[in-house]
Amino acid sequence: MKKVLKVLGIVLAVVVLAVAGLASYLKFALPDVGPAPDLKVELTPERVKHGEYLTRHVLACVHCHSKQDVNLFTAPIAPGHLGSGGEVFPREAGFPGTFISANLTPVNLGEWTDGEIYRAITTGVNRHGRTMFPMMPYAKYGQMDPEDVKSVVAYLRSLKPAGEKTAPSEPDFPFSLIMNTIPKKAEPMKRPDPSDTLAYGKYLVTIAACYDCHTPVNERQENLPGQDYAGGRGFGLRTGGMVYSANISPDPETGIGKWSKAQFIARFKAYADSTAKPYAIKRNEFNTMMSWYEYAKMTEQDLGAIYTYLRTVKPQAHNVEKFKPGGEVVAAK
C-alpha cells in the first residue's frame, strides 16, 4: 500500500510540475514575436493623409480607441476624444475579462518608439511585451503592406493629446495565459495595384477585418468553420440588447447576392450626406457596431473593390436576426 501511495505521489508531483511548467511557459516565454523593429517613420503630409484614410475609414482603429457617445446611432466619437481610448469591453458583454482600449495620442504613445507602435499594430504585442486583446484584429493588420503600416504610424503621431492614460485590461484566468499564444510574427503582403480590382478588394477586406465581425463564433469566441462572412456574430450594447452582424456573403436570399455594385456603394455613401446625422438611441433600441459615418468616407473605388471581392466568396444561406432587445444594459466598469 505504501508503495502504491508513493507511486501516486510521484505521478501527482510530475503532473503538478508539468502544469506549472506549462503555465510558466505561457506566462513568461510568450508572446514570442521578436523585438520591435528599429525604424523612424517620416511624417510627410502625404503619408499622414494616407494614414488618416486607412486608420479612420478602412481599419476603423480610432472608433474603438476613442470615447464614444453610445446614446447616438453608430456610437460616434465624442467631441474632443479622438484617439483618447478608454472604451470598455466588459465581462457583462461576454468578453473573457474587462478590456480597455488604449490611448493612441501622445498622452500614451509619446513614450513609444515608431518601431514599438509598428510591432503593436502588426503582432498585438505592446511596448512592454504584453499581449493585447485580439478584439483588435492584429492578425489581419499583420498582413498589411509595411508602407501602409508606416502611414498608420505617421497618422497616430499627428494626433493631438487627448484624454488620459487608460487603466490596464484585466483578462480572466485562464484566458490571461491562453491569449499569449495568439500573437505571431507579421506576414505582410504588398498592396495590389488598385487596377487589379479583385486582388485589391481582397487586400482591403483582409486589412479591414471584415471577416472577424461578419463570421459567427461559438461560445469560446472561435469562428465557426465553413461560415465565412455569414454574419450573426453578436455584440452586447450598453443601451441594452444584442446586435448581430449582417450576412455579407453573396447568397441571393440572405446575403448581398442580389445587390448591384451601385447599391453596395450607396449603402455606405448614404452616411456621407451632410444631412445624415447620428440620432438618439433609447434603451433597448436597435443600434449598430458598424461605424457607418467613418466607413462612408472610403472612396467609391475602394468600396467597389470590396464589393467585387465579396462577390467571389462562398455564398452562405444564413438569415440573421439583426437585433434582440431585452435584458439589462451592458455595463461599462
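In what order do the three strands of the open sheet lie? Keep that in mind as you go through these points, and remember that you are looking at a predicted model.

1. Let's start with the sheet. Its order is E4-E5-E6, and the pairing is antiparallel. Strand E4 (234-236) and strand E6 (323-324) are the edge strands, each pairing on one side only. Look next at how E4 meets strand E5 (residues 242-244): three bridges join them in the antiparallel sense. To find one of these contacts on your screen, pick Gly-234, whose bridge partner in E5 is Tyr-244.

2. Now turn to helix H2, which covers residues 45-58. Here is a check you can follow yourself: at 1.5 Å a residue, its 14 residues should span 20 Å, and the end C-alpha atoms are 19 Å apart, which agrees.

3. Which residues of H2 are buried? They are Arg-47, Val-48, Gly-51, Tyr-53, Leu-54, Thr-55, Arg-56, His-57 and Val-58. These buried residues pack against several other helices, namely H3 (61-64), H7 (146-158), H9 (197-207), H12 (292-295) and H13 (300-310).

4. Aromatic rings deserve a look of their own. How many aromatic pairs does a search of the whole structure find? The answer is 15. One of them joins Phe-89 and Phe-95 in an edge-to-face pair, 5.9 Å centre to centre with 75° between the planes. Both Phe-89 and Phe-95 are buried.

5. Phe-133 and Phe-175 make another pair: their ring centres are 5.9 Å apart and their planes are at 75°, so this pair is edge-to-face. Phe-133 sits in the loop between helix H5 (114-123) and helix H6 (138-141), while Phe-175 belongs to helix H8 (residues 175-178), so the pair ties together parts that are 42 residues apart in sequence. Phe-133 and Phe-175 are both buried.

6. Ring pairs can also link up into a group. In this model they join Phe-73, Trp-259, Phe-264, Phe-268, Tyr-271, Tyr-279, Trp-292, Tyr-293 and Tyr-307 into a cluster. Trp-292, a member of that cluster, has a charged neighbour too: Arg-267 lies over its face, 4.3 Å from the ring centre.

7. Finally, where does the charged end of Lys-322 sit? You will find it over the ring of Phe-286, at 4.9 Å from the centre of that ring.

Notes. Residues numbered from 1 in each chain as written. Predicted model: local features only at pLDDT ≥ 70, side-chain atom pairs only at ≥ 80, totals over all residues. Heavy atoms only, no water. Helix = DSSP H or I, 4+ residues; strand = E, 2+ residues; numbered from the N terminus. Expected span 1.5 Å × (residues − 1). Buried < 20%, exposed > 50% of the residue type's maximum accessible area, 1.4 Å probe, protein only. Contact = heavy atoms within 4.5 Å. Pairing = 2+ DSSP bridges. Phe/Tyr/Trp six-rings, centres within 6.5 Å; stacked < 30°, edge-to-face > 60°. Lys NZ or Arg CZ within 6 Å of the ring centre and 35° of its normal.
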